[in-house]
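Dear colleague,

Please find below the structure that I am handing over to you. My findings follow directly after it.

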Amino acid sequence: MLQELLAAAGAVTALAAAAAVLWGVLRWGRRITEGAKCQLRSEMLRTYYHHRQTETIRQYEYENFIYCYEAYTALGGNSFIGKIYDEVRKWEVLT
């Protein structure tokens, strides 16, 4: 009986330790995701405000904007950038 109790206590301890490690990894992953979203949002806004008056954009900047937007939305980005994206898609793309 004592051996079974000790084995159960050991299993509970191991599960608690694994849960603590998993929780730390999830928190770390969330921080990485939020940082990536921030960088993507910043890059898209920089491009937007740089070209907004002329409403023209170079092809490579346009393609980069689209890639950033796709990554941003895949990470759970918000609708504010969606409105910016809709506007940029109407601009003239210069080759």
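Tyrosine 85 has a relative accessible area of 13%, so this residue is buried, the cut-off for that class being under 20%. Tyrosine 69, at 17% relative accessibility, likewise counts as buried. Please bear in mind that the model is a predicted one.

In total, the structure contains three aromatic pairs. In one of them, the rings of tyrosine 48 and tyrosine 49 have centres 4.9 Å apart and planes at 70°, so this pair is edge-to-face, because an angle over 60 degrees counts as such. Tyrosine 48 is buried, at 7% relative accessibility, whereas tyrosine 49, with a relative accessible area of 47%, is partly exposed. Ring pairs also bring in Trp91, giving a cluster of Tyr48, Tyr49 and Trp91.

As for the protein as a whole, three helices and two strands are present, in the order α-β-α-α-β from the N terminus. Of its 95 residues, 23% are buried. The accessible surface is about 7,200 Å², and carbon and sulfur atoms account for 60% of it. Of the contacts between residues at least 6 apart in sequence, 73% join residues at least 24 apart.

Yours sincerely

Technical notes:
Residues numbered from 1 in each chain as written. Predicted model: local features only at pLDDT ≥ 70, side-chain atom pairs only at ≥ 80, totals over all residues. Heavy atoms only, no water. Helix = DSSP H or I, 4+ residues; strand = E, 2+ residues; numbered from the N terminus. Buried < 20%, exposed > 50% of the residue type's maximum accessible area, 1.4 Å probe, protein only. Contact = heavy atoms within 4.5 Å. Areas by Shrake-Rupley, 256 points an atom, 1.4 Å probe, with all protein chains shown as cover. Phe/Tyr/Trp six-rings, centres within 6.5 Å; stacked < 30°, edge-to-face > 60°.
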